[in-house]
Amino acid sequence: MRTRVTDMFGIELPIFAFSHCRDVVAAVSRAGGMGVLGALAYTPEELEVELAWIDEHVGGRPYGVDVVMPASYAGSDLGLDSPADLVARLQGMITPEHRAFVEDLLAKHDVPQLAGGDPGKVLLGWTDATARPQVEVALKHPIALLANALGPPPADVVELAHAKGVKVAALASTPRHAIKQVEVGVDVIVAQGTEAGGHTGEISTMVLIPQVVDAVDVPVLAAGGIGGGRQMAAGMALGAEGVWTGSIWLTVEEADTPEMAKQRILEATSRDTVRSRSWTGKPARLLKNEWTDAWESAESPGTLPMPLQYMLVSPALRRIGNSTAAELATFPAGQIIGAMNQVKPARQVVFEMVEEYIEAMERLDRMTTD
């Protein structure tokens, strides 16, 4: 397969795999696509360890890193560059009403306190101040792509990546977003429809892709509901030059997805997800359950803006993960989970996608020639 993105990165297949698991990233790159490591949950020190491991296990193949540098978030106007100072100020912006709601919800489901009371990481790379150190670490490694998951990346970050010979991608949920990203120098647009897991807009993939392709002159990757070769063929037919995938890697053999979560995904249908602000404060498609329902109930105080919502719920989610309250365990997942019912090696998922893509294209070709 050959498109502008395969030529741009020197890869055999225009299949990009977003994952927070280094094993998945390396496996997809070795299979001929490009793995992209989500850096959000890692401290700079942890990210250094993960990328050093990928460097040793990717077989010299290209890979990428995905960060989150939102264009707007609570606290962006404080002018604080120190993550510690920013966390302290942001904590003061979370209301007692919201804290009480979370505690009451956990109490109703008998979720115990954490041993030792350690809340874990209360602020991930959701801000400029916390994402920039991740970018610095990433650019010290031989990455081929730096992606930004929310809005256009800062222009100086794009310039810094380009100075290192690294291409930049950004996710867009509207044509307007895509145009803004190209204006700051982004090389690849990931046009992500509402079917996708994690942060999404409201426009479906089928509608969004051709609009974005027509709006910009850089390569576009189709994202949202892409889990097999037929979806890949559809995205390419709409003008995309590759696909960006995410949810399908949650259940591969290499994934570090907790067993309880993996089993729920395998059993879920495509109707079992919902766009909710209950995770980060911005609309994100999550597995629907009693947690997401609670935040939509009449008792809910409403969600807080990013990153306050995650800072509020992060300790709670950690407590839930260490409990038996499976009915509260939620996580990002796209509508493609309805087609995910087997655990397979990542390499097999890649090859089956390509085989199905070829079959779909041959079927279309027969329709034309006949």
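# Close-up views of a predicted model

**View 1. Helix α5 packs alongside helix α13.** In this predicted model, helix α5 (residues 96–108) and helix α13 (residues 308–321) pack at an angle of about 10 degrees, and their axes lie 10 Å apart. Angles under 35 degrees count as roughly parallel, which means that α5 is roughly parallel to α13. From α5, the contact draws on His98, Arg99, Val102, Glu103 and Leu106, while α13 brings Leu312, Ala316, Arg319 and Ile320. Sorted by class, the contact of α5 with α13 has 5 nonpolar, 1 polar and 3 charged residues. If you are new to this kind of view, two packed helices are described by the angle between their axes and the distance between the axes.

**View 2. Eight strands close into a barrel.** Follow the strands in the order β1-β2-β3-β4-β5-β6-β8-β9 and you trace a closed barrel of 8 strands with parallel pairing. On average, neighbouring strands of this sheet are turned by 25 degrees against each other, direction ignored. Where do β1 and β9 come together? Strand β1 (residues 15–19) pairs with strand β9 (residues 243–245) in the parallel sense, over 3 bridges. Look here for Phe16, which stands opposite Trp244 in β9.

View 3. Strand β4 (residues 145–148) runs parallel to β5, and 4 bridges join the two. Within this pair, Ala147 has Ala169 of β5 as its bridge partner. A handy reminder for reading such a view: in a regular strand the side chains alternate between the two faces of the sheet.

**View 4. Gln181 is a buried residue of helix α8.** Gln181 belongs to helix α8 (residues 175–183). Is this residue buried or exposed? Gln181 counts as buried because its relative accessibility is 0%, and the cut-off for buried is under 20%. Leaving aside residues up to four places away in sequence, Gln181 touches Gly151, Pro152, Ala170, Leu171, Ala172, Val186 and Ile189.

**View 5. Helix α14 spans 35 Å.** With 24 residues, helix α14 (residues 346–369) reaches 35 Å from its first C-alpha to its last, close to the 34 Å expected at 1.5 Å a residue. Which residues of α14 are buried? They are Ala346, Val349, Val350, Met353, Val354, Tyr357 and Ala360. As you read that list, keep in mind that an α-helix has 3.6 residues a turn, so residues three or four places apart point the same way. The elements that cover the buried residues of α14 include β1, α2 (22–30), α10 (229–237) and β9. Asp365 is also found in helix α14, and this residue counts as partly exposed because its relative accessibility is 46%.

**View 6. A cis peptide bond joins Met306 and Pro307.** At this bond, omega is about 0 degrees. Pro307 lies in the loop between α12 (290–295) and α13.

**View 7. Asp110 has a positive phi.** Asp110 is a residue other than glycine, yet its phi is near 55 degrees. As background, most residues other than glycine have a negative phi, and most peptide bonds are trans. Asp110 sits in the loop between α5 and α6 (128–138). With 67% relative accessibility, Asp110 counts as exposed.

**View 8. Three strands form an open sheet.** The order is β7-β11-β10, with antiparallel pairing. Strands β7 (198–199) and β10 (273–276) are the edge strands, each pairing on one side only. Strand β10 is joined to strand β11 (residues 284–287) by 4 bridges, and the two run antiparallel. In this pair, Thr273 stands opposite Leu287 in β11.

**View 9. Pro70 is a buried loop residue.** Pro70 is found in the loop between β3 (64–67) and α4 (83–91). Its relative accessible area is 8%, so Pro70 is buried. What does Pro70 touch? Apart from residues up to four places away in sequence, Pro70 touches Trp126, Thr127, Leu150, Lys282 and Met306. From Pro70 to Gly334 the distance is 21 Å, C-alpha to C-alpha, and the two are 264 residues apart in sequence.

Conventions. Residues are numbered from 1 along each chain as its sequence is written. This is a predicted model: local features need pLDDT of at least 70, side-chain atom pairs count only at pLDDT 80 or more; totals for chains, interfaces and linings use all residues. Side-chain values use heavy atoms; hydrogens and water are left out. Axes are lines fitted to C-alpha atoms, for helices over the stretch in contact, and angles run from 0 to 180 degrees between N-to-C directions. Angles under 35 degrees count as roughly parallel, over 145 as roughly antiparallel, 65 to 115 as roughly perpendicular and the rest as oblique. Contact means heavy atoms within 4.5 Å. Ala, Val, Leu, Ile, Met, Phe, Trp, Tyr, Cys and Pro count as nonpolar, Asp, Glu, Lys and Arg as charged, and the others, Gly among them, as polar. Two strands pair if DSSP finds at least two bridges between them. Buried means under 20% relative accessible area, exposed over 50%, partly exposed in between (1.4 Å probe, protein chains only). The expected span of a helix is 1.5 Å times one less than its number of residues.
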